[in-house]
Amino acid sequence: MTEANAGLHRTIPALPVRDMDAAVAYYRERFGFDALHVTEGFAVIERDDAVLHLWAASDEEWRTRADLAQRPVCSGAESFIAGTASCRIEAADVDPLFAELEAAGVLHPVSREGVTETDFGTREFATLDVDGNLLTFFRWTDG
């Protein structure tokens, strides 16, 4: 296989949420993101250089479908998908960000004791959005 020099750039995670208005408000109030675009089914939010897309996983028809056991996912936007995603966001300094997000009450239980160092060279902590999507903020360490 020959690889093309594609010149890949940054990625933009897309996270499933049940209620777009509630999710956008949560990201604004708790995480400090600004909303650049919001519709019923899609939002673009940003903070500094980090951009996230939110998409509506708001299909509730699965609750009454007769074939649920055979086909749990039909539309791809079933509400039970919300909260199943994760992303990692690089930050310049995780310590003041940790303090800010700890005060905002969004820490994942694994990070309530503080920022941790990994064996693969990061300092990081984990948070959860209103739906339970996991956002891990990290900084690469030297060496």
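This is a predicted model: local features need pLDDT of at least 70, side-chain atom pairs count only at pLDDT 80 or more; totals for chains, interfaces and linings use all residues.
I started with Asp67: with 25% relative accessibility, Asp67 counts as partly exposed (buried is under 20% relative accessible area, exposed over 50%, partly exposed in between, with a 1.4 Å probe and protein chains only). Its partner is Arg65, and the closest N and O atoms of this salt bridge are 2.9 Å apart (a side-chain nitrogen of Lys or Arg within 4 Å of a carboxyl oxygen of Asp or Glu). I followed the links on and found Arg65, Asp67, Arg71 and Glu78 in a network of salt bridges.

Residues are numbered from 1 along each chain as its sequence is written, and side-chain values use heavy atoms, with hydrogens and water left out.

Next I looked up the salt bridges of the whole structure, and there are ten. One of them joins Arg18 to Asp131, with the closest N and O atoms 2.9 Å apart. Arg18 sits in the loop between β1 (14-17) and α1 (20-31), and Asp131 in the loop between β7 and β8 (134-140), so this pair ties together parts 113 residues apart in sequence (helices are DSSP runs of H or I, at least four residues, and strands runs of E, at least two, numbered from the N terminus). Arg18 is partly exposed at 39%, whereas Asp131 is buried at 14%.

I also checked Arg63 and Glu60, whose salt bridge is 2.4 Å from N to O. Arg63 is exposed at 54%; Glu60 is partly exposed at 37%.

Then I turned to rings, and the structure holds eight aromatic pairs (ring centres of Phe, Tyr or Trp, the last by its six-membered ring, within 6.5 Å; planes under 30 degrees apart are stacked, over 60 edge-to-face, the rest tilted). Tyr27 and Phe33 have ring centres 5.7 Å apart and planes at 85°, so I logged them as edge-to-face. Phe98 and Phe125 are edge-to-face too, because their planes stand at 90°, with centres 5.2 Å apart. Phe98 is in helix α2 (residues 94-103) and Phe125 in strand β7, so the two tie together parts 27 residues apart in sequence. Both are buried. Ring pairs gather Tyr26, Tyr27, Phe31, Phe33, Phe98, Phe125 and Phe137 into a cluster.

Last stop was Thr122, in strand β7 (residues 122-128). Thr122 is buried at 1% relative accessibility.
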